[in-house]
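Please look over the chain shown here before reading the briefing. The notes after it are grouped by topic.

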Amino acid sequence: MRRAMYDWAQFTSEIFVMTLRSRLLAAFAALAVVPLLAVGVFDYLRTAAAVQSLIVNQTSAIAAQAATDVESRFRLLEANIALLAGNAETHRMFATRALGDTVARVGLEVMTRYLGDAWPVAGRDLLWASYRATDGRELFSIGEPEATTTARAHVLQRAVRDHDGTALGSVTFAARVDSLLADASLRTHFGRAGLMAVVDDSAGYILATDAEESVAANRVQAAAHSSRIDVSQTASRADSARQLESFEFKDGDSSWIGARASVTGAGLSVISLASRDELSAPFTAIRDSSLATVALLTTLVAIAFVALLWRGTQPLAELTRAADDVANGNLSPRLPLAGTDEAGRLAGAFGYMLQRIRSMLEEVDRARRMAVIGEFASQVAHEIRNPLTGMKLNLQKLHRAAVDGRVPAELHRPIEITRLEVDRLDRVVRGVLQLGQAESGPRTTFPLREPVGRALDAIRPELERAGLVVHTEGFEQSLAVTGHAERIQGLVLNLLRNALEASPPAGRLVVTLAEGKDDTVHLTVEDDGPGIAHELTEKIFAPFVTTKAEGTGLGLALAQRVVEDHGGSLAVVAPRYTRGAAFRVILSRAQESE
């Protein structure tokens, strides 16, 4: 049963310590490590998102601005187109085409004169213009159609209708690219690797670009199959009504972000591209450095916390092992050092508790042994005392006969030795009987100096014969105790007789009465003897333990029994006034009666 209880105590204590550490670690991870790492990861992702948002905003702004410039130029171009396609001469030429060759020839001549006058102005933005009937037959052309083979042109077509909306034919124009986009706008892009391109939506080719055309064509083609980016949360653009989209794509190992802005009514789009790798490189270094710093800081904090945690809970683990040892019967386990913190104070309290337990167990064991010894000694003493009394009487008769000369002289010495030994044995028997004698009678309150004084008076003749000088101190104080005065006198007499037997001739004996702490009274008896060896201080109060050749070893045991019966203590202390041994009796102080 005891083993099972010990195993359970050990198991629960280990679970407690491990659970405490694991809970602290879990709390630290939840409240410190995870938030720190979350901050680092969030900052890492936020920086990446900020870089992307920056590129999206800049490319969108560049594309929108360029589209606005193209659209503004296109409006001027449309004025020239209206001048060439919407005039009265153009309508007359298409209208007279069905009235006969003569009339048609007159209309064509009028048209030739009109275009001859208008082309120097309109031709600055156009390469050529072609007038065709509804069946596709060309009626008239002006400009240089062959120029489109060496220069890119944006081809536009406008229908020609009469006043009731009937189609008369169409006019096709080839607009110069430089008339649509200024060189400054074409050279505007984000980053050194970025590019700008103007794309003809209907023909699907690049009209103009600031980069090598093959490179621009590849990237524009890749952009056509790119994934779109949600730009709803980006900064406001120059023209919120313009169709504008942002996208990202991969071109080999490079990542690109771009924006496409449509030119309203012109069939054109402006594309602005920027290299994510080029523009994010500085931010990537900062982002990686920040993440590494957060990770390193988190690691250092975690290591420091774990070290402090292990150091802080180690005393608890040691106390747990000590508790296991105590449960297994070891009352002197290894304890952690006591300190000022909670664990140190707990260790100190645990050590003090063990000390008290050991003292209590020692007192219980000593009391048990004393009770057993006393009971056994009383029974043996009663069996010895009757025949011993008869022997003592007979020896006294022999001693008187020897004194009267009725016994041979050679027997005088053996008879004397035997008589002395019987007397010593009788003293032992009386001491044993006193050791086993239970306390009887009511207790009274009296000044401690009274039984001490009577004990000194009783032994004073022996002290004077030995030449000992007695010094008393504190007898003027009325220090009251409660108990049996006769028994107190007996224990004092035992202490005085031990001091007498231990002191050399002409020595000094000091008896002191003093008030102690916590309402106690101290009685100290000091002598000039050889003192008590350190190894005997714990055993000197055990029965039959003595340092004297003729001693019985019961005097101090009896004294301690009396002191314990009065709720006090008896101990060997360092002498203050002599060089020998000192015994101190500590009793509780009582309130003196009126």
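Leaving aside neighbours within four places in sequence, which residues is Leu115 in contact with? With contact meaning heavy atoms within 4.5 Å, Leu115 touches Leu84, Pro120, Tyr131, Phe140 and Ile142. This is a predicted model, in which local features need pLDDT of at least 70 and side-chain atom pairs count only at pLDDT 80 or more, while totals for chains, interfaces and linings use all residues. Residues are numbered from 1 along each chain as its sequence is written, and side-chain values use heavy atoms, with hydrogens and water left out.

**Nonpolar cores**

- A nonpolar core is a set of buried Ala, Val, Leu, Ile, Met, Phe, Trp, Tyr and Cys residues joined through side-chain atoms within 4.5 Å, where buried means under 20% relative accessible area, exposed over 50% and partly exposed in between (1.4 Å probe, protein chains only).
- The largest such core has 53 residues, and those with the most contacts inside it are Leu77, Leu84, Leu115, Tyr131, Phe173, Leu268 and Val270.
- Helix H1 (residues 2-85) gives the most to this core, with 13 residues; helices (H or I, at least four residues) and strands (E, at least two) are DSSP runs numbered from the N terminus.
- Another core, of 36 residues, lies apart from it and includes Phe446, Leu479, Phe541 and Val563.

**Arg75 in helix H1**

- Arg75, which is placed in helix H1, counts as partly exposed because its relative accessibility is 37%.
- Arg75 and Gly265 are 190 residues apart in sequence, and their C-alpha atoms are 9.4 Å apart in space.

**The five-stranded sheet**

- Five strands form an open sheet of mixed pairing in the order E12-E14-E15-E17-E16, two strands being paired if DSSP finds at least two bridges between them.
- Strand E12 (469-473) and strand E16 (569-573) each have a single partner strand and stand at the edges, so one side of each is left without a neighbour in the sheet.
- Strand E15 (residues 520-526) and strand E17 (residues 582-588) run antiparallel and are joined by seven bridges, with Ala582 of E17 as the bridge partner of Glu526.

**Helices H9 and H10**

- Helix H9 (residues 449-465) packs on the sheet, where it touches E12, strand E14 (508-516) and E15.
- The axes of H9 and helix H10 (residues 485-502) come within 8 Å and cross at roughly 35°, axes being lines fitted to C-alpha atoms, for helices over the stretch in contact, with angles from 0 to 180 degrees between N-to-C directions.
- The residues making this contact include Leu456 and Ile459 of H9 and Val492 and Leu496 of H10.
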